[in-house]
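Me: I am new to this one and would like to learn how to read it. Could you walk me through a helix and its surroundings?

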Amino acid sequence: MEKTRGNAFQFYSRSIRGNRIPEVNERQLYAYYNFLFERKISTVIMLAPYYFQTGGQRVSANLAGDNPAAVREMVRDLEFAEKIHAKYYVVQAGYKKELSETEAKNNLKRQLQEILEKTDWKGTILVRNMAG
């Protein structure tokens, strides 16, 4: 085993373009937990994709506007995060041109609260701002 000073592991919950959450069996989870233990990884960070594939459609992960499909998919992500012991989940703030900054922030806060109320995951959601 190579020596490393890193102790964090970051990855997308699905591909960056959405798709499905991977199916993980008990053997794979055991191997994953050993991977974390052997490398002394104490922090797992899971990133939300930019889009979700749901019902055959591509849905933005943008929470600045009302987005029930993204809320539903993020709840699924957090159920997966619980299984893999992710301490952090990173979402994109997003934007909505027809809304004021205050309205967009209020939508973001409301939907993040809804997501947290629908899951038992005990981690922290980090909101990443968009460039520009």
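Reply: Gladly! Helix 3 (residues 101-117) lies across strand 5 (88-92) and strand 6, running at about 155 degrees to strand 6. Helices (H or I, at least four residues) and strands (E, at least two) are DSSP runs numbered from the N terminus. Angles run from 0 to 180 degrees between N-to-C directions, with axes fitted to C-alpha atoms, for helices over the stretch in contact. This is a predicted model, where local features need pLDDT of at least 70 and side-chain atom pairs pLDDT 80 or more, while totals for chains, interfaces and linings use all residues. Residues are numbered from 1 along each chain as its sequence is written, and side-chain values use heavy atoms, without hydrogens and water.

Me: Which residues of helix 3 are buried?

Reply: The general idea comes first: an α-helix has 3.6 residues a turn, so residues three or four places apart point the same way. Here, the buried ones (under 20% relative accessible area; exposed is over 50%, partly exposed in between, with a 1.4 Å probe and protein chains only) are Ala 104, Asn 107, Leu 108, Gln 111, Leu 112 and Ile 115. They fall within an arc of 125 degrees seen down the axis, so they line one face of helix 3; the arc is that of the directions from the helix axis to the C-beta atoms.

Me: What do the buried residues of helix 3 pack against?

Reply: Their partners are helix 2 (68-83), strand 5 and strand 6, where contact means heavy atoms within 4.5 Å.

Me: And which exposed residues does the face turned away carry?

Reply: That face of helix 3 has Thr 102, Lys 109 and Glu 117.
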